[in-house]
Amino acid sequence: MYLYNEQDQKIIEQRVAQFQNQTDRYLAGELSDDEFLPLRLQNGLYIQRLAPMLRIAVPYGLLNSIQLRKLAHITRLYDKGYCHVTTRQNIQLNWPKLEDVPKILAELAQVEMHAVQTSGNCIRNTTSDQFAGASRDELEDPRPWCEIIRQWSTFHPEFAFLPRKFKIAVSGTDGDRAAIQVHDIGIQIVKNSSNEVGFKIYVGGGLGRTPVIGSIIREFLPQKDLLTYLDAILRVYNRHGNRANKYKARIKILVKAWTPEIFAQEVEDEWDYTKDTPGKLTLTEINRVKGHFTLPPYEILDDKKLDEEIKTQAKKNIAFDKWLKRNVRAHKIDGYSSVTLSLKPTGVAPGDLTDSQLEAIAELADEFSFSEVRATHNQNIVLADVKKSNLYNLWEKAKMSGFATPNINTLTDMICCPGGDFCSLANAKSIPIAESIQRKFEDIDYVHDLGDLSLNISGCMNACGHHHVGNIGILGVDKKGAEFYQIQLGGSSGIDASLAKVLGPSFGESEVPDVIEKILSIYVENRKDDELFIDTYRRIGIDPFKEKVYPENLARKKRGK
Amino acid sequence: MPKIIKGTEVVDDAWVIIDKDFEGQLPIGKLLLLPMQYWLDNREKLNLTVAGIWIDSDESVELVGHEANLFPLIAVNFPIFTDGRGFSIARLLRERYEFNGQLRAIGNPIQDQLFYLKRCGFTSFDLKEGTNLEAAISSLDDFDKSYQGAIIPPEPLFILNSLENN
């Protein structure tokens with residue numbers, strides 16, 4: 001993982017001092033609410049429904065055990081003893097006091113952490129694949145590129161006051177676990193015909209009120225040109241993005257208005273001026289950053305023998321077998337696996353972690369995974385490098401801390417925003433909906449039989465819960481002051497990205513689990529062999545689901561004819 | 001006389017900003033900051049030795065282009081401080097059009113933007129009214145080092161470090 005040098009450390013410490021000064025001036029009445037607003041947002045500080053919320057940056061989700069223990073300490077001392085993993089792989093505190101925030105930032109700086117640009121109209125935390133560096137299907141580890149982007153985007157003097165927020169994601173695989181096509185900029189590591197590694201650039205994707213799948217504006221960008229090209233995109237956006245209407249201010253609206261072709265040409269024209277300026281990356285710099293992401297000291301292990309042992313253990317213990325199937329993933333190194341700790345047991349807000357759980361994760365990381373973990377955009381935690389011989393032991397320990405629910409990538413592994421319980425933007429609560437669905441589908445065999453299936457919940461159209469790209473999406477809406485839920489079907493955030501379609505009129509809170517059950521029954525009736533939900537949906541379309549969920553509409557339609 | 005920050009000092013400032021919708025005779029014997037469009041429309045009739053121009057955040061700096069160096073002073077307007085277009089305009093003036101005169105941020109920039117403004121090539125700062133300018137000056141140096149290149153300095157940190165190491 002990237003370790004700070006003296007310069008990195010000083011930059012973060014000077015940020016703490018800067019924000020202390022800003023907070024002091026605000027509390028003394030020298031800085032107005034309007035002025036303090038963007039400044040505090042760029043330090044991750046929101047004022048929420050009940051209290052301030054502080055979003056701590058976790059660059060591309062990577063955390064070490066020292067940082068986890070510091071986070072545990074912070075949640076205990078400055079908050080109510082728990083935190084929340086976000087869909088940008090960050091960590092949120094729900095109850096800090098405004099005047100404590102500079103102190104919290106100072107504590108974070110001690111462990112090379114901060115809250116820089118986790119909110120506000122600036123370049124946000126760059127996200128990536130939670131299995132980066134450990135995955136067989138990877139062309140190249142995306143994390144060094146995320147770190148290069150992190151440094152470039154940190155306190156970028158030209159792009160701190162953009163028309164709107166700006167999110168970048170990097171993926172190193174042909175498949176896509178980083179949802180790059182629903183980002184302002186999506187970067188896919190690719191090879192060209194001469195076998196050189198570079199980047200395919202998507203631009204203008206995003207969720208929110210106007211969900212859009214990104215467009216490719218460059219098929220191949222050489223490695224050294226990454227930052228000057230990003231500068232060109234951002235400059236075109238900064239100058240021409242809509243600043244009059246915040247709902248039309250994201251880059252996706254500009255790209256749509258101009259067409260991707262014209263937008264791409266504008267970027268190329270801008271880049272012509274700047275591609276050979278000092279901002280061009282050097283091989284020395286690329287290698288310096290890559291040097292922080294070298295392989296951990298893996299042992300040479302007998303993969304076949306270990307697999308046999310695990311098989312024997314799994315035969316004896318069905319629960320362990322289920323966990324292996326859902327929460328354990330193949331690793332590029334023989335004898336190792338990647339393990340996902342589920343933060344989605346029934347009855348806990350998806351993605352929430354207590355202080356003692358943070359410490360438990362730190363211990364698991366120290367014992368089983370070279371002291372590092374990754375926060376995922378699906379709001380779970382990954383131990384990327386676990387020896388297969390340790391899986392059983394790890395499973396038993398994970399169970400004790402509540403991390404072993406065998407539900408990864410299943411119906412109950414929901415992405416869910418904090419919703420109306422916390423967020424002042426929300427139209428409706430989302431956490432209780434997640435819980436009622438989990439309670440309805442407690443039969444783990446049924447859930448496993450459904451296979452890979454994403455169910456995403458947002459409490460409003462800002463779409464923090466990524467409902468547009470859930471196979472099943474649930475959106476909280478406000479109907480004359482009452483909370484209702486709209487169901488959408490057919491979304492996907494993978495390389496085959498698609499946006500979900502609205503099924504029909506919305507439902508009251510108590511109806512949602514039964515509606516989900518009806519939708520699932522149509523899938524089960526229609527699937528062929530091992531077909532996944534999304535594939536069945538794409539084959540049979542939305543109508544059979546509509547007919548099941550809204551039979552009265554169908555009857556009316558028929559009468560009308 | 002109004003005060004501004006110029007370089008790293010608080011100084012009196014004599015420049016008079018002419019509004020966009022100005023009509024009639026220009027004041028005589030004053031240092032005038034003309035709206036960019038006014039200059040474009042009236043350039044033949046004007047005596048440039050006494051004038052600078054100001055560019056609004058939604059205007060195309062390309063219209064001034066390489067003629068920027070006709071002016072001892074160019075100002076860029078921040079109608080609200082969160083309108084970040086002025087940062088790009090400044091860099092274009094310095095990098096693409098090689099403007100080497102005084103570049104001033106006007107309108108409503110705030111103290112907490114000074115470091116970014118300076119890095120993008122601004123050399124004088126007409127901050128929001130009521131700002132304690134003496135106290136604000138320290139914000140010009142909120143950070144010692146920056147990762148990315150801009151105007152000050154033009155090189156990103158990784159280039160500066162490699163120059164230092166060689």
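In chain A, strand β4 is joined by 2 bridges to strand β5 (residues 91–93), and the two run antiparallel; helices (H or I, at least four residues) and strands (E, at least two) are DSSP runs, numbered from the N terminus, and two strands are taken to pair if DSSP finds at least two bridges between them. The model is a predicted one, in which local features need pLDDT of at least 70 and side-chain atom pairs count only at pLDDT 80 or more, whereas totals for chains, interfaces and linings use all residues. Residues are numbered from 1 along each chain as its sequence is written, and chains are lettered from A and ligands numbered from 1 in the order in which they are written.

Within this pairing, A:H84 stands opposite A:Q92 in β5(A), and in the hairpin of β4(A) and β5(A), which has 5 residues between the strands, A:Q89 adopts a positive phi near 65 degrees. Strand β4 (residues 82–85) of chain A is also joined to β13(A), by 3 antiparallel bridges; here A:Y82 has A:T354 as its bridge partner, and A:H84 has A:D352. A:Y82 and A:H84 point one way from β4(A), while A:C83 and A:V85 point the other way, and all are buried, that is, with 20 or more other C-beta atoms within 10 Å of their own, the C-beta atoms being placed from the backbone.

These strands belong to an open sheet of 5 strands in chain A, with the order β1-β2-β5-β4-β13 and antiparallel pairing. Because β1 (45–47) and β13 (352–354) of chain A stand at the edges with a single partner strand each, one side of each is left without a neighbour in the sheet.

Helix α1 (residues 6–27) of chain A packs with helix α4 (residues 101–109) of chain A at an angle of about 175 degrees, their axes being 9 Å apart; axes are lines fitted to C-alpha atoms, for helices over the stretch in contact, and angles run from 0 to 180 degrees between N-to-C directions. The two helices are therefore roughly antiparallel, a term applied to angles over 145 degrees. Among the residues that meet are A:V16 and A:F19 in α1(A) and A:L105 in α4(A), contact requiring C-beta atoms, placed from the backbone, within 7 Å.

Between the chains, the contact takes 29 residues from chain B and 29 residues from chain A. On the chain B side, the largest share, 5 residues, comes from α2(B).

Conventions. Parallel < 35°, antiparallel > 145°, perpendicular 65-115°, else oblique. Contact = placed C-beta atoms within 7 Å. Buried ≥ 20, exposed ≤ 12 C-beta atoms within 10 Å, placed from the backbone.
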